[in-house]
Amino acid sequence: MKSHQELMRQAVDLAHENRLRGGRPFGAVLARDGEVISTGVNGIVASHDPSTHAEMEAIRAGTRKLANPSLAGLTIYASGHPCPMCLAALVMGGAKQVFFAFDNQDAAPYGMSSEAAYQRLRLPLAPPPLPIERIATGIRAEQLYGDEPWPQA
């Protein structure tokens, strides 16, 4: 069983690996009680599908694996604060909680913030519709989104 920090670091590592492959720097891990159910990375660049966010890909893989559309009892670990689409899918599926590593302020200087989408939809970021909490990973936004070197393991 992995800790919250280990699962979050896995999501951030997935985001970094996706960026190295030419994708957008977002990764997600769907878990139950510290056990990984599925993972996902942002596939927009490769798929040309605007719904292939990391959280959505982890949800799709997880619900297929479980053969159940319910997210009850499941937790998502997302490298970035979920956008309105991803958060809505988590709420509608009945997810237990959300953890994220970087918020919209961290992502904004790199053009990766979803705050504008929240504003256009007139959705407040607070209070959240389910428990949502930031977890530090020891990685800085400049390392994931910018040009600072990735720390060696």
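# Exercises on a predicted deaminase-domain model

The unreviewed UniProt entry annotates residues 2-125 as "domain: CMP/dCMP-type deaminase"; UniProt positions are given in the numbering used here, feature names are shortened, and annotations may be inferred rather than shown by experiment. The model is predicted: local features need pLDDT of at least 70, side-chain atom pairs count only at pLDDT 80 or more, and totals for chains, interfaces and linings use all residues. Residues are numbered from 1 along each chain as its sequence is written, and side-chain values use heavy atoms, with hydrogens and water left out.

## Exercise 1. The annotated range

Task: give the helix and strand content of residues 2-125 and the distance between the end C-alpha atoms.

Solution. Helices (H or I, at least four residues) and strands (E, at least two) are DSSP runs, numbered from the N terminus.

## Exercise 2. Helix α4 and its surroundings

Task: state which residues of α4 are buried and which elements they pack against.

Solution. Step 1: apply the burial cut-offs, where buried means under 20% relative accessible area, exposed over 50%, and partly exposed in between (1.4 Å probe, protein chains only). In α4, residues 84-93, the buried ones are P84, C86, L87, A89, L90 and G93.

Step 1: look for the partners, with contact meaning heavy atoms within 4.5 Å. The buried residues of α4 pack against the helices α3 (54-66) and α6 (115-120) and the strands β3 (75-80) and β4 (97-102).

Step 2: check the end of the helix. Just after α4, G94 has a positive phi of about 80 degrees.

## Exercise 3. The pair α3 and α4

Task: describe how α3 and α4 pack.

Solution. Step 1: two packed helices are described by the angle between their axes and the distance between the axes. Axes are lines fitted to C-alpha atoms, for helices over the stretch in contact, and angles run from 0 to 180 degrees between N-to-C directions. For α3 and α4 the angle is about 30 degrees and the axes are 9 Å apart.

Step 1: classify the angle. α3 is therefore roughly parallel to α4, given that angles under 35 degrees count as roughly parallel, over 145 as roughly antiparallel, 65 to 115 as roughly perpendicular and the rest as oblique.

Step 2: list the residues. From α3, E55, M56 and I59 meet M85, C86, A89 and L90 of α4. By class, this contact holds six nonpolar, no polar and one charged residues; Ala, Val, Leu, Ile, Met, Phe, Trp, Tyr, Cys and Pro count as nonpolar, Asp, Glu, Lys and Arg as charged, and the others, Gly among them, as polar.

## Exercise 4. The core and Y77

Task: which residues have the most contacts inside the largest nonpolar core, and what does Y77 touch?

Solution. Step 1: a nonpolar core is a set of buried Ala, Val, Leu, Ile, Met, Phe, Trp, Tyr and Cys residues joined through side-chain atoms within 4.5 Å. The largest one has 39 residues, and Y77 and F102 have the most contacts inside it. At least two residues each come from α1 (4-20), β1 (27-32), α3, β3, α4, β4 and α7 (141-144). With six residues, α1 gives the most to this core.

Step 1: list its contacts. Not counting residues up to four places away in sequence, Y77 touches H4, L7, M8, A11, G27, A28, V29, A31 and F99.
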